[in-house]
Every structure is written in C-alpha cells, then in structure tokens.
2 protein chains.
Amino acid sequence: MGQSEPRSVSGMSLHGSTARLSEARRVAIFGGTHGNEMSGVALVNLWIKNGADIQRRGADIKPFITNPKAVEKCVRYVDTDLNRAFTHENLSASGGDEFPYEVRRAQEINRMFGPKGSPEAYDVIFDLHNTTSNMGCTLILESSKDHFNLQMMNYIKKAISPASCLVLLNEHPLLKYSTSRSVAKHPVGLEVGPQPQGVLRSNIFEAMRVILKHALDFIELFNEGMEFPPCTVEVFRVSERIDYPRDANGNIIAMVHPNLQDCDWEPLNPGDPMFQTFDGKTIPYQGSCTVYPTFINEAAYYEKQQAFMTTRRETLAASGIRKA
Amino acid sequence: MGQSEPRSVSGMSLHGSTARLSEARRVAIFGGTHGNEMSGVALVNLWIKNGADIQRRGADIKPFITNPKAVEKCVRYVDTDLNRAFTHENLSASGGDEFPYEVRRAQEINRMFGPKGSPEAYDVIFDLHNTTSNMGCTLILESSKDHFNLQMMNYIKKAISPASCLVLLNEHPLLKYSTSRSVAKHPVGLEVGPQPQGVLRSNIFEAMRVILKHALDFIELFNEGMEFPPCTVEVFRVSERIDYPRDANGNIIAMVHPNLQDCDWEPLNPGDPMFQTFDGKTIPYQGSCTVYPTFINEAAYYEKQQAFMTTRRETLAASGIRKA
C-alpha cells in the first residue's frame, strides 16, 4: 500500500485514521522450523520448561517446536524444507504415510494453529530463524498491507534503538514461499545472524530474546487498548535471487567477492564486485540500479541456487491501529 | 621433546646437529574428510582439474577427495567420522559391506596412501579442514618428535608473517585420535576458520591456499637439498576437553560466555567467565592455571561433548634437517 491511499485497508474498520483490529489473543512462537538453527530451538525449549518470560496479560502464548525430528538430528529438514511446505496443495491433501515427513508435519501444524486463512487461525505466529549471513536482526514481513505487523515492527525498531532491526518484505509474485508462520493471521519471521548451523552463540541468542520481548510487549499494549498512531516503516522489498556462477555440470566456479561478503543491507551498485572466481577474477554486479543484498552466502541456500537476494528500499505507511 | 635433548631423534641419522631425512617425494592433499568443510573440497576439486598451482619439482603431489559421499550430501560424514576411523583395529579388519561407509573408505585410503606405519606409506599428507571457531590458520602437528613437520611449520610461519599461523600439537595419551592424515609418515592437519559448515568464504579459501603454497615450497626446497638449521617452534599442546554444562537428560543449559566466544588462543585464567546459562548466570573457569582455549564453540563438537579444548603453550626445539 502506498502512502497516498491509507484508507484502502482490507479487513479493518477505520475510525478516523485509526483502524480497529481484533485483539491478538492467540500467539505462537515457533522454534526449530529448521532443526539446525539453534537460537530458536534453545529459546523455545527454554520457554516450554518455564514460560514466565513470555507471559503477557490478555494473550495466550504458546512456544512450539515445529520440526522435532530435524531438531533431534540437528539438520535443516528430514525430507523436505518445512518452511516451504505450507502450500494450499499440501495442506488440503488427504492421505498419510506416503507424504514426506515435513508435509505431514505441516498438516498437523495447520490443524493446531490454523487452518491457514480461516477465522480460527492463530492471531500471530513468530517463527525463529538463524542465518549464516551477516544480517543482524531481521524481521520478515509477508504483506505490505499487514498494518498490525507494520505497527509491531515500528514498535520493535524504536524499542531496541540504537541497536538496529531491519524489515525484509517478502512480498513477491514469484519469490514468496509458503512458510510455517503463514498459518497465522499475522505471520512474523525473525532471522538473526550470523550464526553457523548447529552452533549456539550467546550474542545471537540474546538478540533474539530481546526482540521477542519487545514484540510480546507490543501485543500486550495493543490488547490493553493502546492506540498506535499512523507511522512509516522502512522495509527492504525482495527483488531478485542471484545464483553463484556455475559450470556446465552445475558446480560452483566462484565465491561471493570479499567486498560483498558480510555486507548484507549495504548498497551494491552496478559495476561493484560481486563474485570472485577460484582463479581470482572479479565478476561485477551488472544490474541497472543500486540494490541492497541480503542472505549473502547463507549455507542453506546453496541447494536453492541462491548466493544472495537483492532487495529495494522503500517506506511503507502504516495506518494507526487500535483494538476493536 | 624438550629443548634440553635435541639429539634424541628417533629414526634419523644425525650429522653434526643436522638430521638427514628421506626426501618427501610422495605427497597427498586431502579435502572433504569432512564433507561440509568447503575450503578443502573446493581447493582439492580445483587442483584435480588443474594441478599447475601445486606442482613442485622433485615431488609427486596428489589432490584427493577422501569422503566423496559426505561431500555429495554436504554433511560431515555419512555413517561415522572418517577422521576418527584410521584405527589399527579398523584398518586391519577384514570383511566388507557390513562395515560403516567411512570404515570401508578408511581401508581404501590406507591401501592407496599407506599402509599406515609402513615404509610404503606416503611421505606427507595435508588434510584440509574448516572450523566454525575463530581459530584463524592452524597447523595441526601429531608428534613433537616430527622434526620434518616442525621445520615445515617454522617455514610456513615465517613465510606468511606478519599474518599468523599457529600450531596445535595433538599429542595426548587420551585425546589423540586416528586421523585420515595419520596414514602418512608426516601428517599435517590444516584447520582454517571461522567458516560455517556448508559455506565457502573467499577469505578462508585464500588463507588455506596460501598456506598450502608455502608448505609445498618447503617440500620443494627440502627435496632440492636445502639445509634447514635448528629452530624452535611455539606450539599449543592439547590439554583438556571441556564440555558444555548439561542437565540430567544431557541437554545443554549454558552457552560459551560472550567474553570467551571467538577468543581462541587467548589466555583463559582461573576465574574468567567461561559459560553463560540461559538465564544469564556466569560460570567461571575453575582450572588451576592459565590455559589457551581453542576449537571454541565448534559446531561439529556438540555431539562430541566438547565446548572447547584447552591447550598449554610451549616451545619445541627442532633439529636442523637436510635431505639424506
């Protein structure tokens, strides 16, 4: 939604400039959607044992391990990527044991926290992820029209300042995928890095814990009736997926260039070094304008033919919101 | 061997202060002993296609992927850790398909590059590894009495200065294990990090390439008859394995403390913070003297019940050496 049309807010009633939204009573925190991303696994397991830190007035908050088999093996997934499995086709399929483990698990999760797209679905699902990329704290937004989430992200960004927390808008006709959190009315991805797969770093654990704290505080304030005035949120909209240079057999023949490595969210201009071949040649970025790369050299994306993702910076307008 | 007894050099003939050693004609470079440690996999694959960079006069240098199945799956190992599989028991066992894949592979490698401990064994094997720990460039030495390797390490340290390259001496009655490289007369481990599993970073690739270059230069000079005078080499001798604090079910209840994380090779004194529990309590190091931790928070060592390893600094004396 552009700034020029703040009233065309679907599914909300507008009172003056303030949208009235249903309270966010049922909230889930998913960890272990990828079984080797350890911060979410550790935090969710901790909160399952002792939920004091995540209790908030007016909300029922459920910590949940989404892919326990992958967590047990400390792998991303067992049969197929759970965080791509929440398609309409998978969720509506009937049958059982012949499906991959993660498809059956997606159906179970959809029954528990959904059904996806229905009024019975959970209000908010936070899904906790780590990346090997130097992305810092990133909130992933699935829709530019989700004013509740935009307000939450604005709240979190202000609360953790001067530390920073960026917003990745994963709203793209081709590059959007069917996430675990998409079961909820308001899906929130949280991606914190850099952290190697299978490793638990205290700084990343702590950063994730703090963001969750502020997110839950926002939900409590909202449920208590606080009004959040209109605001703007800077986001990075997913644009293009860039693969590694490969030979005819599909083998990688170049690495992320040292000038680009670890520079997630920094501008990449046409002509800037992008890859370095094994024999030391530089391959420049040949796009037509400045982009902001992210998920640079993420371990899990080698198999997805992605060296990094380009994004475009834009500013979204969020309506004021208040509990209906 | 201490500095006070530089003459007790087994298996070498001494001429004055210079030991005469056989030339190092057969040399192998192993990559992919752990299939998700990508620098070695990429370098070895590159050199298999084009060996110009690793050719040296007077030596036959063979790049070799040791665990191709693990490389294909991008995992550390398929059935069991190949780099622990070169035990006398495994290598002398007869039989076949009933053994784990890596045990059969160890037997194959031992036939090709060994037999381990025999005069027919390869002279030098370099085994290329990555770690998620902030260890920088580390050479791993298996015996304080291997004067050829000590001289090589001294040569490399000088050649790459002012960049640094440390030596880990893995000579311990209980903590030594049966590595792939142990098949050779002079086994050299090369461990470069930090790099997440499954990720190829250009800086780590380049650091590993440069160390190998100097190592092979040393072999060429040695084979050409250059004399290397007596020297001393600072090493870090493996001392103790420290596990994460765990609950009664074996679950980790604390992380490496932020003050220790990434501080490989820096002194850890009694009373210094070592772990941080999930609820923020600090657990101090309670040893009796200063140690130098390494392999801090290595991903692959969670399953080996090791949060880090302590080492003691010492200086080894290497005899002068020259080709026999």
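How many salt bridges does the rule find across the interface of chain A and chain B? The rule finds 2. This is a predicted model, and the tour starts where its two chains meet.

**Stop 1: the interface**

Show chain A and chain B together. Select the residues in contact: 24 come from chain A and 24 from chain B. The area buried between the two chains is about 2000 Å². Carbon and sulfur atoms give 60% of that area.

Now zoom in on A:Arg201 and B:Asp262. Their side chains meet in a salt bridge, with N to O at 2.7 Å. Side chains of opposite charge can pair when their charged atoms come close. Polar contacts also link chain A and chain B: the count is 8 residue pairs, both partners at pLDDT 80 or more.

Next, colour the side of chain A that touches chain B by element. Which of them gives the most? Select α1(A), which gives 3 residues. The side of chain A that touches chain B has 12 nonpolar, 8 polar and 4 charged residues.

**Stop 2: helix α6 of chain A**

α6(A) has 22 residues. From its first C-alpha to its last it reaches 31 Å, close to the 32 Å expected at 1.5 Å a residue.

Show the side chains of A:Lys213 and A:Asp217. They meet in a salt bridge, 2.6 Å from N to O. Where do the two partners lie? Both are in helix α6 of chain A, 4 residues apart, about one turn of the helix. An α-helix has 3.6 residues a turn, so residues three or four places apart point the same way. Over all chains, the count comes to 40 salt bridges by this rule.

Step off the end of the helix. α6(A) is followed by A:Gly225, whose phi is positive, near 105°.

**Stop 3: the annotated span and sites**

Select residues 24–219 of chain A. An unreviewed UniProt entry annotates this span as "domain: Succinylglutamate desuccinylase/Aspartoacylase catalytic". Its end C-alpha atoms lie 7 Å apart. The span is 35% helix and 19% strand.

Another selection carries the feature "binding site" in UniProt (unreviewed entry): A:Asn83, A:Arg84, A:Tyr177, A:Ser178, A:Thr179, A:Ser180 and A:Arg181. Although spread over 99 residues of sequence, they too cluster in space, and the largest C-alpha distance is 10.9 Å. Centre on A:Asn83 to see the loop between α2 (68–73) and α3 (88–92) of chain A.

**Stop 4: backbone details**

Most residues other than glycine have a negative phi, and most peptide bonds are trans. The next selections show other cases.

Go to A:Ser161 and A:Pro162. A cis peptide bond joins them, with omega about 5°. A:Pro162 sits in the loop between α5 (147–160) and β7 (165–169) of chain A.

Switch to chain B and select B:Gly114 and B:Pro115. Here too a cis peptide bond joins the pair; omega is about -5°. B:Pro115 is in the loop between α4 (101–113) and β5 (124–130) of chain B.

Finish at B:Cys74. What is its phi near? The value is near 55°, positive in a residue other than glycine. B:Cys74 lies in the loop between α2 (68–73) and α3 (88–92) of chain B.

Notes:
Residues are numbered from 1 along each chain as its sequence is written. Chains are lettered from A and ligands numbered from 1 in the order in which they are written. This is a predicted model: local features need pLDDT of at least 70, side-chain atom pairs count only at pLDDT 80 or more; totals for chains, interfaces and linings use all residues. Side-chain values use heavy atoms; hydrogens and water are left out. Contact means heavy atoms within 4.5 Å. Buried area is the accessible area (1.4 Å probe) that two parts lose on being put together, summed over both. A salt bridge is a side-chain nitrogen of Lys or Arg within 4 Å of a carboxyl oxygen of Asp or Glu. A polar contact is a pair of N or O atoms within 3.5 Å; within protein, one must be able to donate a hydrogen and the other to accept it, and residues adjacent in sequence count only if both atoms are side-chain atoms. Helices (H or I, at least four residues) and strands (E, at least two) are DSSP runs, numbered from the N terminus. Ala, Val, Leu, Ile, Met, Phe, Trp, Tyr, Cys and Pro count as nonpolar, Asp, Glu, Lys and Arg as charged, and the others, Gly among them, as polar. The expected span of a helix is 1.5 Å times one less than its number of residues. UniProt positions are given in the numbering used here, feature names are shortened, and annotations may be inferred rather than shown by experiment.
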